[in-house]
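Welcome, and please keep your viewer open while you read. Each stop below tells you what to select next and what to look for there.

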Amino acid sequence: MYYLYILKCSDNSLYTGITKDLKLRFSSHRNGTGSKYVRSRLPFKHVYTEKFKNQSAALKREFQIKQWPRNKKFLLLNIEP
């Protein structure tokens, strides 16, 4: 099982990623050993998750969402920008 997740960072930016283990990935982001992007924008809030049966499907969805304009991402999340 793979998960696509979206984080809302302290500067109100969004970070989209995939992982097999949400708990471990969020822990690595919080500890500063995750992505450089999130590390420089701590703290973050987990705002969205989707499940996928395989990595390929998760990567395709991640790419799709990353191509969207910011306002469309916030509509998906149903939160204010």
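Before the first selection, one definition: two strands count as paired if DSSP finds at least two bridges between them. With that in hand, select Y3 and T19: Y3 stands opposite T19 in strand 2. Keep in mind throughout that this is a predicted model. If you colour by confidence, the chain averages a pLDDT of 95, and 100% of the residues score at least 70. The lowest mean, 94, belongs to helix 4 (residues 70–77), and the highest, 98, to helix 3 (residues 55–67).

**Stop 1: the strands**

Show strand 1 (2–9) together with its two partners. Strand 1 runs antiparallel to strand 2, with six bridges between them, and it also pairs with strand 3 in the antiparallel sense, over eight bridges. On the strand 3 side, pick K8, which has K45 opposite. How much of strand 1 is covered? Seven of its eight residues are buried. Now follow the chain into the hairpin of strand 1 and strand 2, where four residues lie between the strands.

**Stop 2: the aromatic rings**

Next, display the side chains of Y5, Y15, F26, Y37 and F44, which ring pairs link into a cluster. The whole structure holds four aromatic pairs. Zoom in on Y15 and Y37, a stacked pair with 6.1 Å from centre to centre and 20° between the planes. These two partners come from distant parts of the chain, 22 residues apart: Y15 is in strand 2 (residues 14–19) and Y37 in helix 2 (residues 36–39).

Move on to F26 and F44. Their ring centres are 6.3 Å apart and the planes meet at 55°, so this pair counts as tilted. F26 belongs to helix 1 (residues 22–30) and F44 to strand 3 (residues 44–52), so the pair ties together parts 18 residues apart in sequence. Both F26 and F44 are buried.

The charged end of R41 sits over the Y37 ring, 3.7 Å from its centre.

**Stop 3: helix 1**

Select L22, F26, S28 and H29, the buried residues of helix 1. Look down the axis: they cover an arc of only 160°, which puts them on the same side of helix 1. Their cover includes strand 1, strand 2, helix 2 and strand 3. Turn to the face away from the buried side and you will find the exposed residues K23 and L24.

**Stop 4: helix 4**

Finish at helix 4. Which of its residues are buried? They are K73, F74 and L77. Viewed down the axis of helix 4, these buried residues fall within an arc of 100°, so they line one face of the helix. Among the elements covering them are strand 1, strand 2, strand 3 and helix 3. On the face turned away from the buried side, select N71 and L75, which are exposed.

Technical notes. Residues are numbered from 1 along each chain as its sequence is written. This is a predicted model: local features need pLDDT of at least 70, side-chain atom pairs count only at pLDDT 80 or more; totals for chains, interfaces and linings use all residues. Side-chain values use heavy atoms; hydrogens and water are left out. pLDDT is the predictor's confidence in each residue, from 0 to 100. Helices (H or I, at least four residues) and strands (E, at least two) are DSSP runs, numbered from the N terminus. Rings of Phe, Tyr and Trp (its six-membered ring) pair if their centres lie within 6.5 Å; planes under 30 degrees apart count as stacked, over 60 as edge-to-face and the rest as tilted. Buried means under 20% relative accessible area, exposed over 50%, partly exposed in between (1.4 Å probe, protein chains only). A charge sits over a ring if NZ of Lys or CZ of Arg is within 6 Å of the ring centre and within 35 degrees of the ring normal. The arc is that of the directions from the helix axis to the C-beta atoms. Contact means heavy atoms within 4.5 Å.
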